[in-house]
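Here are some exercises to work through with the model open beside you. Try each task before reading its solution.

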Amino acid sequence: MHTPRLSRRTLLRAATLLPVAATTAAALPDLTAAPSPDRRSFTPQEQRFAPYLMTLAPMVNDMADSGFLAGGWWRSPAAPYNARVQEHVFTLAWFHAVARPWNPYAGDPTLLAALDAALGHYLSLQHADGSFPEYSRNEHGLAPTGFGIGYLAKTLRILRATGALPARQAQLAAALHRAMTWFLDQANRTVWQEPLRYANQTASGLAGAALALRLDPDPALSAGLTGAFARIAATGVSPAGFFPEEGGHDMNYNFEVMLPELADAYQQNPDPHLVDMARAFTGFLSYNLLREPDGSGYLVNVAPSTRTSARWYDEVRPDPDRTALNWTFTRQVPLLSAFMTAREDLAAARAAWAASTEPVRPLAKQDTSPRILTHGLYDERFPSRRQRAAAIADLPYLRSSDFAELRRDGDLDFLYVRKPGLYLGGYFGERASRGRTGLTFLWHPEAGTVICGLNDNDHACWATVFPGQVPDSDGPLPATYFRGAPGGAEWTGGHAPAALGIRYGNASVTTDVLVTRRTVRRTVTANQPATEQIPLVLRPEDVLTFTDGTPGVFGGSATATADGFDLRRGRTTIRFRWGVALPATLAAGTVRYFRDGSRRFHALRVPHQGTFDLKVILG
């Protein structure tokens, strides 16, 4: 284990627990009004603790006498029955236990009393069957129990290392045994749906159980965990390669929660099923993160995401990085290194953080995830720049310039088409939750991402939009695929045809798409007047000119009557043509991409009478 090591040498041994009534009324000293801690006193890997240090006193001082962590700092509803609110018991335990030059709270009796009270309230919420509630007191919840096993196990580990709160230690061990008994029961359909509906929540419980069973071995529960690893590998990975979330794929929960939880489990129990799952998801990931040629990072093919809207990942992601623990699998799954921060770049970012004279700021309420801290307890083995560059070169759309990949999961189709001048994505079939169907992105090998639709937004998807802002993509769009123009011989996967046709639609509109070496042609036939909506991703230096001479304005709006426009980005010109002069508007949205905001969403909208024939020619 890397710093902070939870050994008796590096931790303070707490004294006997002070009576709670004598200490809960005392306030923990608040550092937000004091001089900011010296950034140079934090080791590089412990920099993530700095904002939590500044947040600890406000969080603790908001706590109710009952031990409920009130104040709305973490999870909602911020109600006494929500066990997830109490997950910061780990944070309290860590700051009480770990002696560092920058940590004035180590050994603080007020903090220890607060931890005792918070644990008391947390454990009082557990049902007799071992489960915990989240949204109502009588709920037997998957997420609060799964994540709770992890936080309670890590808290117990700290308490045992310091000898603090011996009575609570016994209660925690018993509570963990009850929770694991409930969670690992194969017949428990709250945990083990087929397929899993919220795979990240099930994975969290397995990660917690892996640690809890190292602390307190139990042969029967250990056998249950082994079976559970096999079960989640069978029911928690889509045939398409993603981890199921609300009936489909969600980038945030897959890449930032589920995969790190599998990594956490692997740190405690290196079950080979976990590597298989990481490998399957990395394969899916490699088609859906769109690398920008200028090295800014990756844009996300976010239109299919079911729950959240993670839209990009920066090239360098310093602390706090929710994906950081994914390095665990990079040795067995080298391709995953393409999506990690290189160790040299992370070291440089951390050195810059230490050298900054800016004060350390406390965290905003709700933005206080304790997972950031728990995943910092492990050693780090980020890929080198060389290893990362090799993995990037092995991404499917960089390794090859001609393929068509069709990945299916029941009624969901994920299509990826690479030709020498383009990379095109589509999501077809039954729409899952907040996803948006149809074509989803268009990428050029030199210009990068040109079009990228968003999810959960009817104004920002690639769609045919009917009056009342009703896009065809906000609903099911089943598709058929052809070797050549739509209507020819069908293609169901395998070797890529020279030209790929796609036909998709609903009762109101049919769309035919033909993809060739450097051209995407999209022909729309609707049963009433409609508007074509194209979600462009533009950069400040882009030059956009409509065919009537009207310039497009980055960050602003423009109106033209034209039969198309040219987009020049660096040495590349991409031509959009629809053949007949129509009124067109270009308007900037509020969405920006990357930490520096170097790209911005712009919506192109062209109204028509029911037919529209767009040709995109990528230079």
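**Exercise 1. Describe how helix α2 crosses helix α3, and work out what surrounds α2.**

Step 1: the handedness. α2 passes α3 in a left-handed crossing, that is, the near helix is turned anticlockwise from the far one by less than a right angle. The helices here (H or I, at least four residues) and the strands (E, at least two) are DSSP runs, numbered from the N terminus.

A word on the source before going on: this is a predicted model, in which local features need pLDDT of at least 70 and side-chain atom pairs count only at pLDDT 80 or more, while totals for chains, interfaces and linings use all residues. Residues are numbered from 1 along each chain as its sequence is written, and side-chain values use heavy atoms, with hydrogens and water left out.

Step 2: the geometry. Helix α2 covers residues 50–61 and helix α3 residues 89–97; they pack at an angle of about 115 degrees, with axes 11 Å apart. Axes are lines fitted to C-alpha atoms, for helices over the stretch in contact, and angles run from 0 to 180 degrees between N-to-C directions.

Step 3: the contact (heavy atoms within 4.5 Å). From α2 come Y52, L53, L56 and V60, and from α3 come T91, L92 and F95. These residues divide into six nonpolar, one polar and no charged; Ala, Val, Leu, Ile, Met, Phe, Trp, Tyr, Cys and Pro count as nonpolar, Asp, Glu, Lys and Arg as charged, and the others, Gly among them, as polar.

Step 4: the surroundings. Because 11 of the 12 residues of α2 are buried, this helix is largely enclosed by the rest of the structure. Buried means under 20% relative accessible area, exposed over 50%, and partly exposed in between (1.4 Å probe, protein chains only). The cover over the buried residues includes α3, α4 (109–124), α11 (343–355) and α12 (371–374).

**Exercise 2. Which residues have the most contacts inside the largest nonpolar core?**

Step 1: the definition. A nonpolar core is a set of buried Ala, Val, Leu, Ile, Met, Phe, Trp, Tyr and Cys residues joined through side-chain atoms within 4.5 Å.

Step 2: The largest core has 145 residues, and F255 and F329 have the most contacts inside it.

Step 3: a closer look at F329. Beyond its neighbours within four places in sequence, F329 touches L259, L262, A263, Y266, L274, V275, A278 and L336.

Step 4: the other core. A second, separate core of 51 residues has A496, L500, V520 and W578 among its members.
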